[in-house]
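Morning, everyone. Please bring up the structure.

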Amino acid sequence: MFSDIFVASLDNLQELLRDSLTIGPLRHIPDSTFEPDANIKQKDWYSGKASWDMVFNADQKLLSKVNYWLAGKEQLDLGYAFVGKSERSEIEYVHDPDSFSDATRELIDTGQGQLSSEPFISKMAFKKNNVTLWDLHNDIEVCASDIGAGVSQVLPLVVAASSANRGLVCIEQPELHIHPKAQVGLGDLLTQAQESNQFLIETHSEHLILRLLRRIRETTEGSLPEGLSPVRKEDVSIIYLETAEHGVIAHRTRLTDDGDLETDWPNGFFDERDEELF
C-alpha cells in the first residue's frame with residue numbers, strides 16, 4: 001500500500017514531466033542554412049528550435065493543424081503556411097568514378113593540363129522531399145529570417161498546442177511581435193486546439209484574456225460560434241502576480257459565468273487605456 005502511495009505518485013509525476021515542455025521568452029529564428037534534427041529533444045523547446053524540427057519532420061495531419069491555426073482567417077491569420085517541397089537535381093561528373101584514378105594518373109604522368117576532348121561522363125540524380133514556409137500574400141517561398149519575427153515567436157506554441165501532449169505546455173509571453181488580432185486568436189488556440197493539453201501562460205496581453213472571457217460569456221449565453229468547444233469559468237484560472245515589500249503576492253482572479261471578474265481588474269490592466277481614451 002505504501003509503495004502504491006509513493007512510487008505510483010512519483011511515476012505519475014515523472015510521466016507528466018516527460019510529456020511537458022517549456023518555451024522561453026525569446027524564440028529561435030532559423031535562417032536559410034537551417035537543417036532540421038529528426039531526433040527532437042525536449043531541451044530544444046525552450047529556444048523554440050524543437051518546433052521547427054517537428055514541423056520539418058511532420059506528417060500531413062500535424063502540418064494541416066499547424067497551418068489551420070497559423071494562417072486561418074478566423075485564427076491567427078499571419079499570412080504564412082508550410083507547404084511540401086520536392087527538390088530534384090542531376091549531378092554530372094567529367095569522369096567515370098571507376099576510372100577516375102587511372103585518368104588522373106595519366107594526366108599527371110603525361111604532363112597534360114586538361115582532360116581529353118572525350119572525357120569520362122558519370123551522372124547521379126537525386127530527389128529530396130522537404131517542407132518550406134510560404135508567403136500566402138505574395139505567393140513566394142520565404143525563409144523565417146526574412147520575414148517579421150512574429151511567426152517564429154508564436155510558432156512553438158502553435159506546434160505544441162497542435163500536438164497531442166498529456167503534460168503541461170508552459171510559455172512566456174506568447175504574444176511577442178504579433179498583431180492584436182493574432183493575440184486575440186491565441187485565446188482560441190489555447191482552448192480549441194487539443195482538449196488533452198493544459199497550458200501555463202505568462203502574458204501581458206489584454207487581448208488574449210478578453211478572448212477567453214468572451215468565450216466563457218458566449219458559452220453561458222448559448223451564442224458560441226458553430227464548431228467551437230464550450231469554455232467555462234472552471235477551465236480558466238487567472239493568477240495576477242503583484243510585487244510587494246516582502247516578495248511577490250499571487251492573487252487568484254475569480255471569474256463569473258458571464259465572462260467577467262468577480263473583483264476589479266488588477267492594477268495596470270485596462271486602466272491606462274481608459275485614461276488615454278477618456
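When I say contact, I mean heavy atoms within 4.5 Å. Keep in mind that this is a predicted model.

Start with Ser205. Where does it sit? Ser205 lies in the loop between strand 6, residues 198-202, and helix 7, residues 206-221. Is Ser205 buried or exposed? Its relative accessible area is 3%. The cut-off for buried is under 20%, so Ser205 counts as buried.

Now its partners. Set aside the neighbours within four places in sequence, and Ser205 is in contact with Glu175 and Gln183. With Gln183 there is a polar contact, side chain to side chain, at 2.7 Å. The Ser205 side chain also reaches the backbone nitrogen of His207, at 3.4 Å.

Hold on to Gln183 and His207. Both turn up again where helix 6 meets helix 7.

Next, those two helices. Helix 6 covers residues 180-192. It packs against helix 7 at an angle of about 50 degrees, and the axes are 7 Å apart. That angle is why we call the pair oblique. The crossing is right-handed.

Who makes the contact? From helix 6: Pro180, Gln183, Val184, Leu186, Gly187, Asp188, Leu190 and Thr191. From helix 7: His207, Leu208, Arg211, Leu212 and Arg215. By class, that gives six nonpolar, four polar and three charged residues.

To recap: Ser205 is buried, and its side chain makes a polar contact with Gln183.

Key. Residues numbered from 1 in each chain as written. Predicted model: local features only at pLDDT ≥ 70, side-chain atom pairs only at ≥ 80, totals over all residues. Heavy atoms only, no water. Helix = DSSP H or I, 4+ residues; strand = E, 2+ residues; numbered from the N terminus. Buried < 20%, exposed > 50% of the residue type's maximum accessible area, 1.4 Å probe, protein only. Polar contact = N/O pair within 3.5 Å; in protein donor to acceptor, adjacent residues only side chain to side chain. Axes fitted to C-alpha atoms, helices over the stretch in contact; angles between N-to-C directions. Parallel < 35°, antiparallel > 145°, perpendicular 65-115°, else oblique. Left-handed = near helix turned anticlockwise from the far one by under 90°. Nonpolar A, V, L, I, M, F, W, Y, C, P; charged D, E, K, R; others polar.
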